[in-house]
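Hi,

Here is the structure I promised to pass on. Please open it first, then read my notes below.

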Amino acid sequence: MKQTLKLLADTTDSPYSRLKQWKKGTGRKVIGCFPMYVPEEIIHAAGLLPVVLLGQEQPITLADNYLQPYICTPVRSNLDLSLKGGLDCLDGLVFPDICEPAQMVSEVWNLHQPTPFFHNLMVPVNTSANYSLSHLTQEFSRLKAALEKFIGRAITQKNLKDSIAIYNEHRRLLHRLYQLRREHPEHFKARDIAIVVSSSMFMPKEEHNWLLGQLLEEVTAKASSSTERAKLVISGCFCDMPEVDILDLVEELGALVVDDDLYVGRRYFQTLVNEQEDPLEALARRYIDDVPCPTKYHPGKEWGEYLQRLCREAKADGLLIILIKYCEPHALDYPRLKERLSQDNLPHLLIETDHSGATGQIRTRLQAFIEMLQG
Amino acid sequence: MTVQALTMKSRDILRDLIATYWQQVKEAPLQGRRVAWCSGISPMDLLKVMDFTLVFPETYAATCSARKVSTMFCERAESFGYSPDICSYARNGLGSVLSGDVEHCPVGGLPRPDLLLINSYCAPITKWFEELSRFFKVPLIIVEQPVRHDNLNPQEVEELVRQSMQQLRDMVAFLEEFTGKRFDYDRLKESVAVSLQCSLLWNEVLEMGKHIPAPFTCFDYFNSLFPIMCLRGEPATVSYYQQLKSDLAERVSHKIGGIPQEKYRLYWDNIPIWFKLRELSQKFTSYNASLVTGIYPYTWAFTDLDTKQPLESIAHSMIYFATNTGIRGRADFITKLVQDYSLDGLVAQSSRSCRLMNMGQYDIMNLVTQRTGCPAVFIEGDMCDERVYSESEVDSKIDAFMELLAQRKRAS
């Protein structure tokens, strides 16, 4: 496991310099996708490599000239990296309109760092209307047409189906990895899981599928064991990589992470695409049927209920919620979530962070929470 | 002639109009009329046709802010777990409803809704109304509000209109089922006709600001926004704006300005800081600076409504309204204002908790400055949360900006 993991960690550490090399080697083009809802399969089917923009660890300096300080870190961090020239390997960009900062940072970006391909993807808020599916299918076909124009040839149904199959295979492999983590959580560091998922956002899924196969072979050999440590599910960080410092701290303080509701985690692969249906409609249906999300309106689908079930299935003792400072959709959903979790007697801790690391305050609160769970 | 020398008859009309409106709102449930709560941009004409009494929680939040109770309601919302970083309109609205504190609510609070209607232009409006829907156990209608992004071509924008149209048809079907009444398209035509009349008059009123001196300032037209936002489509609103227009025309003919001595003509960007209107007005007046225009009030000038195609034109207006654009779109609009209104400077308010309005604002203002040479100052404010407002900081920014404008005037 160590060897494969090392390789994946290298990808996550310096994704864009590796992508430059990859482009040189293959002569292919790379399209950056702002989190969370770009149907990568369509870009993949065009013979392009979709990558997810996960920001940077460096301090934000240039973006402050274009965005107010009270815009969330993922939006500012990605723009900043681009302004510094860190994303010059990108041949194109796709921005889903998931919130006001995401939909408008696309405009700022296009003004200062234009790329040959640029597309705003207007995903609906309401997933429950009788036109939600057809309008989104149409929106995905608009993306397809724009990509066809960019590559100068048609994207066939077969191209789409093949790409969907590859992405579904990737999702199945990650489901297996997560199942193993549930069974043997002590063998998996949360940081490593985040690296596995994030690395898949920067390389062709075919390649990642092969590496995941290797990785799974390496872990299945381990023996099962039981543990007395508090088991946690982590939820949050909807547009970025969770801070590894905080993940490490959870484990250092004695808890185990048994599952997650992170974007760089289960949210990225949970829902498979129906391979029997028309490809674009199936991709749209994935968006409609996906895990509850603060950026969507889906009456009858309670996020709290989803998390309760996830925690039960993963045999977790509690839930850690990481709220990225200034993420308004998440902050708006929290009070209802909190109410629901307390009705269900599921202990939770909310920490708010703007990527300033595992601060003393976070440590103190986490420690108290974990001690409480371990009783 | 001084400012006071002319009576503004429209002022009394506005006061009566607002008082009558609130009285009707209060009486609606007693008279068995259904009440709908709507977002500021929404296909409200459809509900009027179905005899709903309409209230607008965002406008109500502005009222709360002007009456200095909004900060308290924001704090109430925070006590229910809502982060202070959330839109202060939403916090004001949730705090006042969830706490049930009718005593501190202006006009005794809003009557219970039977239905909720929004356009999904921002996360807070959607989430806020979703919570209201849960709290009051009433249906919520969401109309998708896509942004008219700069890079969309005309066919793509028309497709957005077509999709909006489909949503409006769906809404009509829902309303028929909900009320058990047939939707009357003739009445929609009448309502749209009056809304159009209001919009055209509103547009003409705003354009009076082109005169030198401008007969009013933004601090006047912020108050005059209420009817176009909440009472569009009412014959009384038409009369009000007609009177306002003739009052302003009279001022223009006597060369009477909105402030005693107009030396500088400025643009105001973004939502008003409702709780500081008087202070800001005095501040700018002390510099003989008149804030003669802004893009924000043009949002409600739905001049492309069309009585021949009422439903289509509502769909059209919901995609094409002034502020629903990308960066270049808004910069183009403001650039034209700078030219048409002979502006000397731009005052850009970054409403701290409104991401919809503040995203891209630096670039929009920079583009306008680059194109016109008109300098800009950024001040940080908010719609409803007084705690984030620093009077001394805003004052010193305005002082420095006015000094800059004075130097430019001297040099020219």
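Start with A:Met241. This methionine is buried, because 24 other C-beta atoms lie within 10 Å and 20 or more is the cut-off for that label. Keep in mind that the model is predicted.

Where does A:Met241 sit in chain A? The residue is in the loop between β5 (231–236) and α10 (244–252) of chain A. Leaving out residues up to four places away in sequence, A:Met241 touches A:Leu54, A:Ala194, A:Ser198 and A:Val264. A:Val197 is 44 residues from A:Met241 in sequence, yet the C-alpha to C-alpha distance is 9.5 Å.

Next, the sheet in chain A. Four strands make up an open sheet, ordered β2-β1-β3-β4, with parallel pairing. β2 (49–52) and β4 (117–121) of chain A are its edges, and each pairs on one side only. On average, neighbouring strands are turned by 20 degrees against each other, direction ignored.

β3 (residues 92–96) of chain A joins β4(A) through five bridges, in the parallel sense. In one of the pairs, A:Leu93 has A:Phe118 of β4(A) as its bridge partner. Helix α6 (residues 132–151) of chain A lies across β3 and β4 of chain A. This helix runs at about 175 degrees to β4(A).

Last, the contact of the two chains. Chain B gives 36 residues and chain A gives 38 residues. On the chain B side, α6 (123–136), α7 (154–179), α14 (355–358) and α15 (361–372) each supply at least two residues.

Best wishes

How values were computed:
Residues are numbered from 1 along each chain as its sequence is written. Chains are lettered from A and ligands numbered from 1 in the order in which they are written. This is a predicted model: local features need pLDDT of at least 70, side-chain atom pairs count only at pLDDT 80 or more; totals for chains, interfaces and linings use all residues. Two residues are in contact if their C-beta atoms, placed from the backbone, lie within 7 Å. A residue is buried if 20 or more other C-beta atoms lie within 10 Å of its own, exposed if 12 or fewer, and partly exposed in between; C-beta atoms are placed from the backbone. Two strands pair if DSSP finds at least two bridges between them. Axes are lines fitted to C-alpha atoms, for helices over the stretch in contact, and angles run from 0 to 180 degrees between N-to-C directions.
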